[in-house]
Amino acid sequence: MTTSTLTVLRSGLVDYREAWDEQRRLHDAVVAGDQPDTVLLLEHPSVFTAGKRTEPADRPMDGTPVVDVDRGGKITWHGPGQLVGYPILRLPDPIDVVAYVRRTEQMLIDVCAEFGVTAARSEIAGRSGAWVLADERGPDRKIAAIGIRVARGVTQHGFALNCDCDLTAYDRFVPCGIRDAGVTSLSAELGREVTVAEVLPVLEKHLPTLL
């Protein structure tokens, strides 16, 4: 899909390292002015990735391999049933990374709202992403994670929205290094299957919020 300002590539199921290579290729092209702002939308086979702030105690307790990456944030999991987005966008001058993170959060919150899930920013400083805040069902639980990098004015990495993924994957490590909150998905909150295919067109509609 292409809008006047944004190219969106639906890539399907892609190995994490292969997608990372493609991100870097697109990043160089956007920096050089050879490629318009582009968003990769895809799923990954099950993989753990660790950002620069990951602590040793955050890693999987069972020795599961982890891919160390150059984004911010700590450790997270990607896998089938999770919609991952990698926006490769030139940020306006002056560069304001926090404002870009806030736009990403708002986009994810708006997508959740379209499915009847009330998400919000965390009330705890330093916790990015979209959250279902504590209620009678449990403590705060993250429904979408954000981890980005900005180099030469252009973004890399991005966001992951849990649609109908296997949430037991999060039992094997400390998600984003946060020990006092949970993880959830659109399917878990709604009590019905909400697939990546169902979410894709809704998320695409909200991507201009990033710009």
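In which sense do strand 7 and strand 8 pair, and over how many bridges?

**View 1. Strand 8 and its partner strands in the predicted model.** Strand 7 (residues 130-132) and strand 8 pair in the antiparallel sense over three bridges, where two strands count as paired if DSSP finds at least two bridges between them, and where strands (E, at least two residues) and helices (H or I, at least four) are DSSP runs numbered from the N terminus. This is a predicted model, in which local features need pLDDT of at least 70 and side-chain atom pairs count only at pLDDT 80 or more, while totals for chains, interfaces and linings use all residues. Residues are numbered from 1 along each chain as its sequence is written, and side-chain values use heavy atoms, with hydrogens and water left out. A130 stands opposite A144 of strand 8. Strand 8 also pairs with strand 10 (residues 182-183), here in the parallel sense over two bridges, and K142 has V183 of strand 10 as its bridge partner. Strand 8 (residues 141-151) is mostly covered, with nine of its 11 residues buried, that is, under 20% relative accessible area with a 1.4 Å probe and protein chains only, whereas exposed means over 50% and partly exposed lies in between.

**View 2. The hairpin of strand 8 and strand 9.** Eight bridges join strand 8 to strand 9 (residues 154-162) in the antiparallel sense, and I148 has H157 of strand 9 as its bridge partner. Two residues lie between the strands of this hairpin, and R152 in the turn has a positive phi of about 55 degrees.

**View 3. The largest nonpolar core.** A nonpolar core is a set of buried Ala, Val, Leu, Ile, Met, Phe, Trp, Tyr and Cys residues joined through side-chain atoms within 4.5 Å. The largest one has 35 residues, of which I143, L161 and L207 touch the most other members. At least two residues of this core come from each of strand 2 (38-43), helix 2 (97-114), strand 7, strand 8, strand 9 and helix 4 (196-206), and helix 2 gives the most, with seven residues. Another core, of 16 residues, lies apart from it and includes W20, V67, V84 and Y86.

**View 4. The packing of helix 2 and helix 4.** The two helices pack at an angle of about 135 degrees with their axes 9 Å apart, the axes being lines fitted to C-alpha atoms over the stretch in contact, and angles running from 0 to 180 degrees between N-to-C directions. Helix 2 is therefore oblique to helix 4, since angles under 35 degrees count as roughly parallel, over 145 as roughly antiparallel, 65 to 115 as roughly perpendicular and the rest as oblique. The contact (heavy atoms within 4.5 Å) is made by M107, L108, D110, V111 and E114 of helix 2 and by V199, V202, L203, K205 and H206 of helix 4. Among the buried residues of helix 4 are V196, L200 and E204.

View 5. Strand 3 (residues 47-50) and strand 5 run antiparallel and are joined by four bridges, with H78 of strand 5 as the bridge partner of V47.
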